[in-house]
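Here are my notes on this one, written as numbered points. Have the structure open while you read, and click on each residue as it comes up.

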There are 4 protein chains.
Amino acid sequence: MSFNTYGHMFRVTTWGESHGIALGATVDGCPPGVPLTEGDIQPWLDKRKPGQNKYTTQRQEADQVRILSGVYEGSTTGTPIQLMIENTDQRSKDYGDIVQSFRPGHADISYHQKYGVRDPRGGGRSSARETAARVAAGGVARAALAQLVPGLSVTGYMVQMGPHCIDRARFDWDQIDENPFWVPDVVAARDWAVYLDDLRRAHNSVGAVIEVVARGMVPGLGAPIYAKLDADLAAAMMSINAVKGVEIGEGMAAASLTGVENADEIRMGAQGPAFLTNHAGGILGGISTGQDVVVRFSVKPTSSILTPRQTVTVAGDEVDLITKGRHDPCVGIRAVPVGEAMMACVLLDHVLMDRGQTGGIRGHIG
Amino acid sequence: MSFNTYGHMFRVTTWGESHGIALGATVDGCPPGVPLTEGDIQPWLDKRKPGQNKYTTQRQEADQVRILSGVYEGSTTGTPIQLMIENTDQRSKDYGDIVQSFRPGHADISYHQKYGVRDPRGGGRSSARETAARVAAGGVARAALAQLVPGLSVTGYMVQMGPHCIDRARFDWDQIDENPFWVPDVVAARDWAVYLDDLRRAHNSVGAVIEVVARGMVPGLGAPIYAKLDADLAAAMMSINAVKGVEIGEGMAAASLTGVENADEIRMGAQGPAFLTNHAGGILGGISTGQDVVVRFSVKPTSSILTPRQTVTVAGDEVDLITKGRHDPCVGIRAVPVGEAMMACVLLDHVLMDRGQTGGIRGHIG
Amino acid sequence: MSFNTYGHMFRVTTWGESHGIALGATVDGCPPGVPLTEGDIQPWLDKRKPGQNKYTTQRQEADQVRILSGVYEGSTTGTPIQLMIENTDQRSKDYGDIVQSFRPGHADISYHQKYGVRDPRGGGRSSARETAARVAAGGVARAALAQLVPGLSVTGYMVQMGPHCIDRARFDWDQIDENPFWVPDVVAARDWAVYLDDLRRAHNSVGAVIEVVARGMVPGLGAPIYAKLDADLAAAMMSINAVKGVEIGEGMAAASLTGVENADEIRMGAQGPAFLTNHAGGILGGISTGQDVVVRFSVKPTSSILTPRQTVTVAGDEVDLITKGRHDPCVGIRAVPVGEAMMACVLLDHVLMDRGQTGGIRGHIG
Amino acid sequence: MSFNTYGHMFRVTTWGESHGIALGATVDGCPPGVPLTEGDIQPWLDKRKPGQNKYTTQRQEADQVRILSGVYEGSTTGTPIQLMIENTDQRSKDYGDIVQSFRPGHADISYHQKYGVRDPRGGGRSSARETAARVAAGGVARAALAQLVPGLSVTGYMVQMGPHCIDRARFDWDQIDENPFWVPDVVAARDWAVYLDDLRRAHNSVGAVIEVVARGMVPGLGAPIYAKLDADLAAAMMSINAVKGVEIGEGMAAASLTGVENADEIRMGAQGPAFLTNHAGGILGGISTGQDVVVRFSVKPTSSILTPRQTVTVAGDEVDLITKGRHDPCVGIRAVPVGEAMMACVLLDHVLMDRGQTGGIRGHIG
């Protein structure tokens, strides 16, 4: 029971605070023989990196990852992989105001209630900065999956920002990397830019919904009853900062369907059973069927805003608080690569639960 | 890593198949000194018991629980509590049709894909019958919580059936036990009865949304980063049969809110900080704040219906399948006590993570 | 973190008290497709069963095991296997004397100190009777190993009773089942019978050393650094009642050896590397080498004796205690099948860690 | 299930190879509010540091520890503590000879058999250098124990080197720090120096026995049945490189005792029950009684010696191998602080299992 660790066999322990010396991930359980360099991990960190456009915090972090262990001559050895990211831009004075006050909607108060002490610099451990470590670990998971399950891909994108949803009829995979919102809808990309500009000027923020899809799946992943693939995905996504809801396939909308509508009928295809629909999101009874795994999660609006909100101080005084500093008007944007990383880690974890810790590798002599 | 076990310190392992000799729960980690008899558990099983009205399966099960260990002279000793429920009504001939075919939308196919073998009698381990064991364990959790956190209550109810939602303006706690749907809205109770009758006659089924609320909470429950209270609740609810979505507080709707709207402002009350709203559902940064914890989950429609659906057989033949047998037209109804049980187990688990395995109990000599 | 569960992927949770209604083991993680009936488990329970000769407690227990779940048509399904043994002979009046007093050298006092309450009937959960559940689980492990690692065998025997050791020159595998002490030395078997008779008449008891050997091993089992095969075996054996020491290969004697003596030199044999000696006991760096795995453990003398010993009561009064009842003069005898069971469970656990939860099984359609 | 992590609630994950960039420990579960600086950890690393005298490897390592996270203003916050030690002296050319050959008695061959690949530089992950990370984590555990259990002390010392045992009649706590062997016997210290000099000149090495004692214990630590305090200690010690046996109290010698001799009789003392002897080593039924906890473990002789030994190569060729490089003639010497660290970590782990993750700390507002 390690509270800063996730996974059953692919075990990732993240560490570090927003404004500490460094943060990172201790990645345990990666199979041996996986080609791995910093170059395989950095692109995913760059995707999440702050300050890349006006829609994310202007904090400047290189987010350069270093592999300190577990790799020998460009290949994993099966031993723990230590991934370290040093913090460079730590303007903690920005946070002076909130050392004694609790931001409404933020973990400030609950951390204080639980631990009696907290690192207020940038939210310390409760900062979204912790997700950089997850993205780094996700890079390792992607490298291992490429070896163990060729053809498997994990892609995330935004499907809703505030009240605005994408038009599925315009869904275009190629658009995802073409706009700052990772949205697969060229019209939405344009409209949301205007909407978010206005919000930011109004000293406000907004929520979002991210969808992550795994294509090229294998059947049989998931361990009933309490390590079901969907249950593990739900925990993984809900553990991301600011997430308030998780859906698999039809998600909450499944409540509105009838059994006749919801049944994913099956015919025989060239490679065996072929489903005619995917209301289930690729998971039945907690086990993957080989269909695409489809997960969605909602991200609440950033609680750190420039509009004054009523709160109290550690001393119990009532105050109105404005949160200065460099905050994302829509933290959901940077949650996209984080959701992808969690999906990759959960899938690798279940592949290893099925194949064993070394993924079937063995050494021979003579 | 036990796949049929949930919880960190309050560890529940469920066992048994739908049509096996018996099923039950091995409850490990209950503190010593908790008054406990079968009478404390049976009422919750009776609440879930099938065949109580025309809206649930007509299978007749006494669902009588027996405590085989862990209790001495009416009080727990801190050792494992074995809860056994014998199966009495096992008309497995009802299931003859589906031994070779896979019900669309059911775990039949994924279990076959994973294990290469399955117990087809009533769905074996993948049957919703497994949830009887969860409800029994929940009864133990409730008894322990009553000792450790007096005043804490856990209540579940249905808020949506198919397209029909309750009217929050008519919300009435006292109505919940007065209708077969556990719905807190007297009008909805009446309307849904008609709606469900029609569906059943049409050989169809429907989904639902259940809400579970914990009142009288204590702050500080939840262990960041990867045993957050909301992440554990999400996994617990998503692990329930047929669940496709989980929400905390605003849930998916948080995406539509702005930071100004979503901030749960704080003033000082008689017992310390008082929140003016509860968009967060009682959890910030994965830790309880003392507000009510509010969780919702969707349940898909029963996949076993009398309307023919296209599917394939183990041999790969394409067939149209009608599922005979005794199935719930809205399995969401019986998911209400299951959701309550999971909430109770997760809360006790986190109380013990905070207070230690014996809940602070110690023996003295002399 | 389940305190009554052992194993990583082959997870066994034992439950039940010495004089409760029943006791048993919830066996989670057994691969599917393993032929299994009560008949595969009962012989090992019979080997441990009390009252078989004058050297073990005269308590009469049928120790009949029942499989309540996880098996369908004579074969495991991969779901939890519930093994139940009902208690029949519970003369708890025998234990009346010690309800208020603490037996010197027994867990009575520590259970009271920890839990503030204990089930005094036959020692409750701390009784050696709990090991019946381990032996039953070991029977399942043996059945699964027979499928996954043909040719692997696990055999235990006694090598020391009190001050008397076996003569390795007389070691005879065939003698083990020919005497009540499971000793592979015909002369020792005869001498120890006389020695133990005298001890019993003197109202005394004595300790023993058991050795368990796994032959037909595969290399590569064990997970550095903290699930090393030897570390898991040490925990498994030390968790057996009354065990005070565990050795692998040379064990404590390794301290007396020089590096030149201790090096197990290697030559190439027909099936690859062949070791010329086995000081290591088949494990290097926590990983099996393919040599026989050799484990020894010491069992302290039964603390329940008819000779008065000084102790105190719950109230703090000083008393002299004589423990009536039916106790083993050398509990080490019945520890032999228990040590075998723990070895079998640990080996299967590590095989599954390497091969995955289903042992590589997969189902096909069409 | 994380194979490079130990502990239930105080979770330590060690990472890093002998000749990698760095190694360290990710310490998860340390309670908040514990005063902690590098200065609290460094002295224990210095105690273990190589090259301090002619009896240990001449490798020169500063072994300077850095705290990268989890501490704010000199006090722990309850978040993960990352401890990093950079490697400075990595003469891996020393190891050129053994890249293709397997040292007899070393993990070279088993790592190759399991992973099919290994980092040969200094033994990579299987090197005793990994224990530096344990000692650093032990420093954190000692700091936390000082807060939670004032008066508790953990002390290790050598009681046997090769065939030579200490004379218990000469036992002197003050001698332990006065000689390079951490031996509490002034005569042994002098004699062993001569003995070890001769061995080293003879290109040989030797084993040892280390004893670790915890004084000022509290009763009630340990979680039956499978997280017994003695079982956890056995696994912890057996997981240390080169350890082949573990004993609690009388250990293997318990086999020779009778029940009359072994009973630790009890009288009432000023602070409650007082035991007249401690054959049990402070643990009954897996739970601490409050007596001193006494653990011993044997360490085999270093396998890397300058005397040629027969072995094979990866290609299967038979060769005679001499291991050059800088190796400890008695690695048991440096195992003393490692054993202390493991004891401290296990004890803190069990204190937290009893008291909860924050050790009972809570924050207040107003």
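1. Let's start with two helices in chain B. Leu229(B), Asp232(B), Leu233(B), Ala236(B) and Met237(B) of α5(B) are in contact with Gly339(B), Met342(B), Met343(B), Val346(B), Leu347(B), His350(B) and Met353(B) of α7(B). Contact here means heavy atoms within 4.5 Å. Sorted by type, the residues where α5(B) meets α7(B) come out as nine nonpolar, two polar and one charged. For that sorting, Ala, Val, Leu, Ile, Met, Phe, Trp, Tyr, Cys and Pro count as nonpolar, Asp, Glu, Lys and Arg as charged, and the others, Gly among them, as polar.

2. How do the axes of these two helices cross? Helix α5 (residues 229-238) of chain B and helix α7 (residues 332-355) of chain B have axes that come within 10 Å and cross at roughly 145°. Axes are lines fitted to C-alpha atoms, for helices over the stretch in contact, and the angles run from 0 to 180 degrees between N-to-C directions. The crossing of α5(B) and α7(B) is right-handed, a word used if the near helix is turned clockwise from the far one by less than a right angle (left-handed if anticlockwise). As for the names, helices (H or I, at least four residues) and strands (E, at least two) are DSSP runs numbered from the N terminus.

3. A word on what you are looking at. This is a predicted model, in which local features need pLDDT of at least 70 and side-chain atom pairs count only at pLDDT 80 or more, while totals for chains, interfaces and linings use all residues. Residues are numbered from 1 along each chain as its sequence is written, chains are lettered from A and ligands numbered from 1 in the order in which they are written, and side-chain values use heavy atoms, with hydrogens and water left out.

4. The complex as a whole gets an ipTM of 0.96 and a pTM of 0.97.

5. Now find the open sheet in chain A: five strands in the order β1-β2-β3-β7-β4, with antiparallel pairing. Two strands pair if DSSP finds at least two bridges between them. β1 (5-6) and β4 (65-67) of chain A each have a single partner strand and stand at the edges, so one side of each is left without a neighbour in the sheet. Look at β4(A) and strand β7 (residues 81-86) of chain A, which are antiparallel and share three bridges. Val65(A) has Ile85(A) in β7(A) as its bridge partner. Lying across β4 and β7 of chain A is helix α1 (residues 38-48) of chain A, at about 155° to β4(A).

6. Chain B has an open sheet too, with five strands in the order β1-β2-β3-β7-β4 and antiparallel pairing. Its edge strands are β1 (5-6) and β4 (65-67) of chain B, each pairing on one side only. β1(B) runs antiparallel to strand β2 (residues 11-16) of chain B, joined by two bridges, and Thr5(B) has Thr13(B) in β2(B) as its bridge partner. Which strands does helix α3 (residues 131-148) of chain B touch? It packs on the sheet against β1, β2, β3 (22-28), β4 and β7 of chain B, and its direction makes about 35° with that of β3(B).

7. Strands β12 (residues 266-269) and β13 (residues 272-275) of chain D pair in the antiparallel sense over four bridges. They form a hairpin, with two residues between β12(D) and β13(D). Met268(D) has Pro273(D) in β13(D) as its bridge partner.

8. Some backbone details deserve a click. Pro224(A) and Ile225(A) are joined by a cis peptide bond, with omega about 0°. Ile225(A) sits in the loop between β10 (208-215) and α5 (229-238) of chain A. In chain D, a cis peptide bond joins Pro224(D) and Ile225(D), again with omega about 0°. Trp182(B), a residue other than glycine, has a positive phi near 55°; look for Trp182(B) in the loop between β9 (164-165) and α4 (186-201) of chain B.

9. Last, the interfaces. Between chain A and chain B, 102 residues of chain A are in contact with 101 residues of chain B. The two chains bury about 8,000 Å² between them, 61% of it on carbon and sulfur atoms. Buried area is the accessible area (1.4 Å probe) that two parts lose on being put together, summed over both. Tyr226(A), Lys244(A) and Met252(A) supply 11% of the area that chain A buries against chain B, more than any other three residues. Chain C and chain D bury about 8,000 Å² between them, with carbon and sulfur atoms giving 61%.
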